[in-house]
Structures are given as C-alpha cells and as structure tokens.
Amino acid sequence: MIDLRSDTLTQPTEKMRAAMVEAEVGDDGRTDADGFGEDPTVRKLEAMASQLTEKEAALFCNSGTMANYVNLMVYCNRGDQVLLSRKSHLFRSEKAPFMEELFGFVPVFYEEDDYGIPDVHSIKQKIDSEDIKVICLENTHNYYGGTCIPVDVIQRISVLANTKGIPIFVDGARIFNAAISLNVTLEELCKPVHSLTFCLSKGLGAPVGSVICGDLEFIKTARGVRKLLGGNMRQSGILAVAGIEALKDYEERLREDHRKTRILVESLKLNQFVTVDKRAVQTNIINMDFSKSRKRAVQVEKDLFKRGLRIKAVGEHVIRLTVYADIHEEQILKAAEILNGYIAECGFE
Ligand SMILES: *Cc1c(COP(=O)(O)O)cnc(C)c1O
C-alpha cells in the first residue's frame with residue numbers, strides 16, 4: 001500500500017529516536033524568573049525557532065491546532081472579528097474558534113484568487129469597514145494544494161495592517177515548504193507578521209509538536225494561554241529534541257519532497273475528465289480534480305484504495321496527494337502507474 005494521505009504520516013528518523021533517548025529534560029510547565037520553561041531541551045528548540053524566524057521568542061506546543069488556538073486567544077476575546085481565508089485550516093478543520101459555545105470569535109473572510117493568494121484590496125475594504133482584531137494568513141495554503149503566498153503580498157498586507165495597528169498571524173504549518181518554493185529565507189516570510197506557528201510533525205518528520213514564534217511579550221502571554229488550554233507539558237524535551245533534529249536539515253529534506261512531487265505530477269497522464277492545475281503544484285501537495293468525470297472524491301478514495309493507493313478526499317470532487325520523506329521514488333512511479341490506469345478508465349465513462 002502506498003499512502004499519500006498526508007505528510008503527517010512521516011515516521012521519525014533513527015537520529016530523532018536516538019536523540020529522544022538521550023535528551024536532557026526538566027519540567028517545562030514550571031517557569032524560571034525570566035518566564036522560560038525549565039526543560040533545557042525545549043528551551044533549545046524554542047531558541048532555534050526564534051533564531052530561524054528572527055522573532056524574539058518561541059513556544060513549543062503539542063499540535064498545530066493548539067498553537068493556532070493560542071494565537072487567536074491572545075489576540076481576541078469572545079465576539080471579536082477575525083479576518084481569514086474561507087478555505088483556511090483554521091476555519092474549515094479546526095472550527096472551535098468560531099463555535100459560539102467554544103471561543104465565540106466571529107469569522108470575516110477576505111477574497112482570494114484561485115491559488116489562495118489574498119486579494120489585498122479586499123483586505124483593505126474589510127479592515128476599513130469592520131473592527132478586525134487579527135488578520136490570518138495560511139502559508140502554504142493547504143486546501144489550495146500547498147500554494148505559497150509571496151513575500152511582496154505579505155508586505156502589502158502588512159503596510160495596510162500597520163496603519164490600523166492590526167496584527168497579522170500566519171498559520172505556517174508548512175511555512176518551510178513555502179520558503180523553499182519561493183526561494184526566500186524564513187526570516188523574509190516572517191518579518192512582516194506579528195506571530196506565526198509552524199508544524200514539526202508534517203514534512204519535517206518529528207512525531208509531535210508545533211512552535212509559536214513572536215515577540216517576547218506575546219510569547220509570555222501565549223505561555224499563559226497554553227496552560228489555560230491544558231497545553232502545558234512536562235518533560236517535553238523528549239519530544240522537542242526530535243524537532244531540533246528535524247530543523248537541522250530541513251532544507252534538503254523538503255527540497256527532496258518537492259522534487260518527488262514534481263516527478264509524480266509530471267508522470268500523470270491527465271485527460272479532460274481528470275485534471276491538475278500544475279501552477280498550483282508548488283510544494284509537496286497535488287490536488288486532482290475529478291469534477292468533469294462523474295466521480296465523487298469519496299468514491300475515488302475507495303477505488304484507489306482497492307488498487308493499493310491511499311489518498312485523501314478534500315472536496316466534493318477533489319482529492320489530495322501528499323509526498324513526504326518515507327515515499328521513495330519507486331513508490332512515486334508506482335503511484336503514478338495506479339493513477340494513470342484509473343484516470344484512463346475515468347475517461348471512458
Ligand atoms: C496540519 C495543519 C494544522 C494543524 O496541525 P496539527 O498538528 O495537526 O494540529 C494547522 N494548519 C494547517 C495549514 C495544517 O496543515
């Protein structure tokens with residue numbers, strides 16, 4: 001079985017496992033006089049993250065979802081308006097922030113193009129007419145197929161936001177993929193925004209965890225919110241050390257994912273019934289559109305499963321293929337073969 005459902009399927013490397021055995025740990029739920037947790041390895045990861053993003057401080061969280069919640073809760077109170085993408089992970093998958101009975105924030109949406117790039121003019125309109133507390137961006141944009149928001153767009157949004165004093169938050173679960181694809185440094189992507197989160201557990205391959213980066217004051221407040229949400233961990237250096245390993249050679253790691261994704265998409269024999277917008281294939285994700293055939297994505301999922309390929313239905317007629325470390329080139333070619341056989345059949349309906 002070839003499993004392309006998600007890059008969360010990556011197995012921790014031998015190096016990570018070895019480092020986990022050796023990790024020096026402490027109680028991260030307790031803070032010292034400066035407000036930092038007492039686990040030295042978590043502190044090391046946080047220092048590495050803040051250095052990479054050039055933010056003053058960082059906070060290790062158990063998941064991207066938790067990290068996103070913490071951010072929104074620092075920025076907003078019940079009833080506050082959050083400006084974000086209609087197709088963002090925050091809105092579509094996480095939900096709790098916008099459930100009346102949970103956090104009770106109010107979503108306001110900006111317009112975006114076919115690649116999930118926010119329309120700057122529509123952001124201006126919204127922040128001029130509504131009382132927006134935070135602007136959320138997703139980079140790369142998961143549901144658009146891993147597309148990247150370029151630095152100049154983020155800068156233009158930042159100029160607008162600054163005139164109103166509105167912070168920008170980036171859900172950067174796969175921001176490393178974005179930096180590589182856009183050929184910019186992580187720092188360039190992070191400079192115009194107030195805070196961000198990134199996942200260690202996606203393509204980076206660590207078993208658990210996400211990191212929030214922002215200024216000192218923000219991270220201090222975030223630490224309190226994390227505790228409030230039950231997110232304090234104890235000897236979490238055991239987990240953080242895998243993240244440290246992941247960050248050591250992430251560039252080579254993710255470049256390889258992007259290269260294999262290219263091979264996969266270029267090996268596909270698409271037709272008028274099954275299409276891929278190749279311009280949207282910028283990182284490690286491929287969205288295939290079956291809307292011109294009569295196939296529903298959940299049906300495609302079942303059919304391909306029987307042929308030895310697992311994928312994820314992400315829309316009514318759209319499936320997602322994700323490439324990650326444990327998928328080798330032979331498997332990429334085999335996956336293409338399975339898909340091509342299936343696509344050819346779809347054409348004859
Ligand atoms: C995976 C993901 C998250 C959530 O991360 P978890 O660690 O699975 O909770 C948030 N945002 C985006 C864009 C993601 O892809």
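## Contacts, salt bridges and backbone of a predicted model

Thr261 is found in helix α11, which spans residues 250–267, where helices (H or I, at least four residues) and strands (E, at least two) are DSSP runs numbered from the N terminus. The structure is a predicted model, in which local features need pLDDT of at least 70 and side-chain atom pairs count only at pLDDT 80 or more, while totals for chains, interfaces and linings use all residues. Residues are numbered from 1 along each chain as its sequence is written, and side-chain values use heavy atoms, with hydrogens and water left out.

Thr261 counts as buried, at 0% relative accessibility; buried means under 20% relative accessible area, exposed over 50%, and partly exposed in between (1.4 Å probe, protein chains only). A polar atom of the Thr261 side chain lies 2.6 Å from the backbone oxygen of Asp257, and a polar atom of that side chain lies 3.5 Å from the backbone oxygen of Thr283.

Ala19 has its place in helix α1 (residues 14–22) and is likewise counted as buried, at 13% relative accessibility.

The structure holds 22 salt bridges, a salt bridge being a side-chain nitrogen of Lys or Arg within 4 Å of a carboxyl oxygen of Asp or Glu. Three of these pairs are set out below.

| Salt-bridge pair | N to O distance |
|---|---|
| Asp27 and Arg30 | 2.9 Å |
| Lys133 and Asp131 | 3.0 Å |
| Arg226 and Asp28 | 3.2 Å |

The pair of Arg226 and Asp28, in salt-bridge contact at 3.2 Å, links distant parts of the chain, with Arg226 in helix α9 (residues 216–228) and Asp28 in the loop between α1 and α2 (40–53), 198 residues apart. Both Arg226 and Asp28 are buried. Lys133, the partner of Asp131, is partly exposed, with a relative accessible area of 28%.

A negative surface patch is formed by Asp113, Asp114, Asp119 and Asp277. Patches of this kind are made of residues with over 30% relative accessible area and no salt bridge, like charges being joined within 9 Å and nonpolar side chains (Val, Leu, Ile, Met, Phe, Trp, Tyr) within 5 Å. Among the members, Asp119 is found in the loop between β4 (106–109) and α5 (120–129), and is partly exposed, with a relative accessible area of 33%.

Some points of backbone geometry also deserve attention. Most residues other than glycine have a negative phi, and most peptide bonds are trans. The peptide bond from Asn139 to Thr140, however, is cis, with omega near 0°, and Thr140 has its place in the loop between β5 (132–138) and α6 (151–164). Glu54 has a positive phi, near 55°; it lies in the loop between α2 and β2 (57–61) and is exposed, with a relative accessible area of 54%. Asn183 has a phi near 60°, also a positive value in a residue other than glycine; Asn183 has its place in the loop between α7 (175–182) and α8 (186–190), and is exposed, with a relative accessible area of 64%.

Key. Areas by Shrake-Rupley, 256 points an atom, 1.4 Å probe, with all protein chains shown as cover. Lys, Arg positive; Asp, Glu negative; His and termini not counted. Charge placed at Lys NZ, Arg CZ, Asp CG, Glu CD. Polar contact = N/O pair within 3.5 Å; in protein donor to acceptor, adjacent residues only side chain to side chain.
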